[in-house]
Amino acid sequence: PVLRLRGVPFQCEVQDVVDFMANYGVDKESVKFGRSKQGKRNGEAYVIFSSPEVADRALNETQRKEINGRYIELFKSNSEEMDSNTVIPDAIRALDP
């Protein structure tokens with residue numbers, strides 16, 4: 001189960017998202033930042049959860065809470081959406097060492 005977080009500050013680090021989801025067993029490997037087609041962060045993050053029940057609890061309990069002063073909106077997502085929105089295109093990766 002995957003949730004999409006919208007409104008994530010651009011300066012946010014993976015650990016900030018892990019801390020935001022501290023009550024739900026999320027680790028650094030479970031967090032990916034959304035990317036635009038140009039490879040830049042788009043203010044979204046995707047978080048993978050251990051079960052649908054845990055994802056539902058996180059969705060309900062952290063909706064409209066804040067990360068670094070920004071309200072975060074949460075939406076149900078899936079691995080296909082996450083994969084298509086978190087990959088940095090190869091052409092851009094080659095330019096960004």
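User: What does buried mean here, and what share of the residues in the protein is buried?

Analyst: A residue is buried when its relative accessible area is under 20%, exposed when over 50%, and partly exposed in between, using a 1.4 Å probe and protein chains only; by that cut-off, buried residues make up 38% of the 97 residues in the protein. This is a predicted model, in which local features need pLDDT of at least 70 and side-chain atom pairs count only at pLDDT 80 or more, while totals for chains, interfaces and linings use all residues. Residues are numbered from 1 along each chain as its sequence is written, and side-chain values use heavy atoms, leaving out hydrogens and water.

User: How do you know which residues of helix H2 line one face?

Analyst: Helices are DSSP runs of H or I with at least four residues, and strands are runs of E with at least two, numbered from the N terminus. In H2, residues 52-62, the buried ones are Val 54, Ala 55, Ala 58, Leu 59 and Thr 62. Seen down the axis of H2, these buried residues fall within an arc of 140 degrees, so they line one face of the helix, where the arc is that of the directions from the helix axis to the C-beta atoms. The face turned away from the buried side carries the exposed residues Glu 53 and Asn 60.

User: What covers the buried residues of H2?

Analyst: The cover includes strand E1 (2-6), helix H1 (14-20) and strand E6 (73-77), where contact means heavy atoms within 4.5 Å.
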